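Let's take a quick tour of a protein chain. Have a look at the sequence and the 3D view first, then read on.

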Amino acid sequence: MDNSAPTFTANISPDSGKAIDAKKILLVLGSVAVAVLIWMYVSSPILTNVTGVGEVSATASNATVSFSITANDGSSQAVITAVNAKAGTMTGYLKTKGIAASDIAQGQVTAVPAALVTQGAQGYQATITMAAKTTNVTDISTLVSDIYTNGAAVVSQPILSVENIDELERQAYQMALKDA
């Protein structure tokens with residue numbers, strides 16, 4: 001037999017592979033950061049904020065009053081009829097005060113056993129919510145008092161408003177632009 005068979009020897013050392021050094025890592029991270037910043041600048045529009053103030057005042061031209069009317073009776077049908085009659089009387093009164101029928105709103109009747117409202121009560125209680133819009137803003141306190149006198153159980157705080165709100169907002173916007 002021949003001892004002259006070829007032999008293979010490999011020289012393996014820890015430094016023989018490709019080493020990643022800190023310079024290469026910093027170069028890659030820096031390149032990514034620059035690319036992100038360029039992308040943000042290109043894809044986002046440049047915005048400029050300007051602040052201005054425009055203030056307009058106006059006296060109230062309308063007042064809206066919401067109120068509830070209640071009735072009590074022994075049967076559910078009778079209590080609904082009674083509260084609707086009170087609502088009709090209130091609508092008639094509001095019309096005599098110069099409030100147009102189109103400015104009077106009436107909600108749905110709610111009828112419940114009276115015992116749900118007051119402990120130990122008998123029969124049924126019905127409630128209806130109404131609202132009226134008036135242009136007589138200066139006399140609103142008298143109207144609220146008269147609504148109570150004519151059968152309302154609860155009257156909410158009147159809500160004051162102006163008719164030409166769009167025009168007033170436009171004026172305020174123009175003043176804000178001039179102020180900016």
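Here's a short briefing on the overall layout, the surface and the salt bridges.

This is a predicted model, where local features need pLDDT of at least 70 and side-chain atom pairs count only at pLDDT 80 or more, while totals for chains, interfaces and linings use all residues. Residues are numbered from 1 along each chain as its sequence is written, and side-chain values use heavy atoms, leaving out hydrogens and water.

**Overall layout**

- You'll find 5 helices and 6 strands in the protein chain; these are DSSP runs numbered from the N terminus, with helices being H or I of at least four residues and strands being E of at least two.
- Walk along the sequence and the pattern reads α-β-α-β-β-α-β-α-β-β-α.
- Take the contacts (heavy atoms within 4.5 Å) between residues at least 6 apart in sequence: 73% of them join residues at least 24 apart.

**Surface**

- The protein chain has 180 residues, and 19% of them count as buried; buried means under 20% relative accessible area, exposed means over 50%, and partly exposed is in between (1.4 Å probe, protein chains only).

**Salt bridges**

- Side chains of opposite charge can pair when their charged atoms come close.
- The count here is 3 salt bridges, each being a side-chain nitrogen of Lys or Arg within 4 Å of a carboxyl oxygen of Asp or Glu.

**Two bridges between separate parts**

- Asp146 and Lys97 pair up through their side chains, at 3.5 Å from N to O.
- Asp146 sits in helix α4 (residues 140–149) and Lys97 in the loop between α2 (76–96) and β2 (104–106), so this pair ties together parts 49 residues apart in sequence.
- Lys97 is partly exposed, at 37% relative accessible area.
- Lys133 bridges to Glu163, with their closest N and O atoms 3.7 Å apart.
- Because Lys133 is in strand β4 (residues 124–134) and Glu163 is in the loop between β6 (159–161) and α5 (165–179), the pair ties together parts 30 residues apart in sequence.
- Lys133 is partly exposed at 31%, whereas Glu163 is exposed at 53%.

- Arg170 is partly exposed at 44% relative accessibility, and Glu167 is partly exposed at 32%.
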